[in-house]
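Morning, everyone. Please bring up the model on your screens, and I'll walk you through it.

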Amino acid sequence: MPQARAVVRPASRVRWRAQLAIVLGLSLGQSAVYSVVQLLDKATRAPLSQGTSTLNRSLSTREYFDLVYQLLDIVFSLVPVALVLYFVWDAAARRSSAALPWTTPFRRLGFDLARPGRDWLWGVGLFLAIGIPSLGLYWAGRALGITTAIIPSGLDAHWWTVPVLILSAMRHAVLEEVIVVGFMLGWLRRLGWRAPAAIAASSLLRGSYHLYQGIGPFVGNAVMGVVFTLVYRRYGRVMPLVIAHALLDITAFVGFSLVGKAMGLG
C-alpha cells in the first residue's frame, strides 16, 4: 500500500520562508546586495578594468591585532552556518514522529566524513574541472574590460599569513556550499520550487555576491553554481563541493601570497 503524501501546512511554509530569508539576510544574500552596490560604485568611478578587488584585507596595522581580527572575522562569519544546522535539526525533530529515521544535520546535508574517499575524489575532480576555466574567464573578462583586477590577498607577510589564508578559504567554502547549495536547495524544494528554478536561483545568487569583482566573475561563479548544484542533486552530499571550493580558494589565496607578491604583483 503506497504511503500517503505528507500534508504541508501553511504555517510550515511561512516558517521555512522566514528561515531562508533570515539565513540569507545574515550571510550571502546580504553580501549580494552589497556586491551590487559596490559594482555600481566602481563602474561609475572609472572603467571596471581599472578597478581592483582585494579578497583578504588587513584589518589592523598592528600584526597581532590583525591576527586576532582575522580569526574573529572567520569565526563569526560562520555563525549563519550554525544557524542552518540548527534549522535542519529542528526540521528533522519536527518530523521524527512520522516514522522517519533521525539523523544529524551534518548527515542530512552530506557535510560529514562518512564517505571520505568518494568525497575527495569528486572534490579534486571538480577542482581540476573548474579551476582552469575560471582562470580563462578571468583573463577574458580583463581583456573585455568587464572584470576588475583581483588581488586574492592583501595581508602583510607574517608567520601566520598562510595559515590564516587557508582558514579563510575553508571558511568561504563551508559558508557558501552549506548555505547556497545544501540549505537553499532543500528549503526551496520544501516550498514547492521545481528543480530548474531552484538551481537557477542558487546559481544566480552565487554569481551575484561576486559582482563586486566584475561581470566576468559573476558569469563564472553562476556557471560554477549550476555544476555544483547538479552534483549535489545527484549525490546528495555537500562535502565534495566544500573540498573543491576550498582547494580553489587555497590555491588562489596562498598561491598569490607566496608567488604573486614575490613577483611584485601585489
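Which residues does the UniProt annotation "transmembrane region" cover? The entry, which is unreviewed, lists residues 20-40, 67-89, 120-140, 209-232 and 238-259. Keep in mind that what you see is a predicted model.

Take two of those spans. Residues 67-89 come out as 96% helix and 0% strand. The end C-alpha atoms of that span are 33 Å apart. Residues 120-140 are 100% helix, again with 0% strand. Here the end C-alpha atoms lie 30 Å apart.

Now the surface. There is a nonpolar patch made of L59, F65, V68, Y69, L72, V75, F76 and V79. Together these residues have about 750 Å² of accessible area. Which helix gives the most to the patch? Helix 3, residues 63-77, with six residues.

Look at L72 in particular. L72 sits in helix 3. Is L72 buried, partly exposed or exposed? Its relative accessible area is 39%, so L72 counts as partly exposed.

Next, the inside. How many cavities of 30 Å³ or more turn up in a search of the whole structure? One. The largest cavity holds about 40 Å³ of space. Its lining consists of R118, D119, W122, V231, Y235, R237 and P240. Two elements give two or more residues to that lining: helix 6, residues 116-144, and helix 9, residues 215-235. Helix 6 gives the most, with three residues.

That's the tour. Over to you for discussion.

How values were computed: Residues numbered from 1 in each chain as written. Predicted model: local features only at pLDDT ≥ 70, side-chain atom pairs only at ≥ 80, totals over all residues. Heavy atoms only, no water. Patch = residues over 30% accessible without salt bridge, like charges linked within 9 Å, V, L, I, M, F, W, Y side chains within 5 Å. Areas by Shrake-Rupley, 256 points an atom, 1.4 Å probe, with all protein chains shown as cover. Salt bridge = Lys/Arg side-chain N within 4 Å of Asp/Glu carboxyl O. Helix = DSSP H or I, 4+ residues; strand = E, 2+ residues; numbered from the N terminus. Buried < 20%, exposed > 50% of the residue type's maximum accessible area, 1.4 Å probe, protein only. UniProt positions renumbered as here; feature names shortened; annotations may be inferred. 1 Å grid on protein atoms, 1.4 Å probe; cavity = no way out; pocket = protein on both sides within 12 Å on 5 of 7 lines; lining within 4 Å. Points joined across faces, edges and corners; volume = space filled by probe spheres on them.
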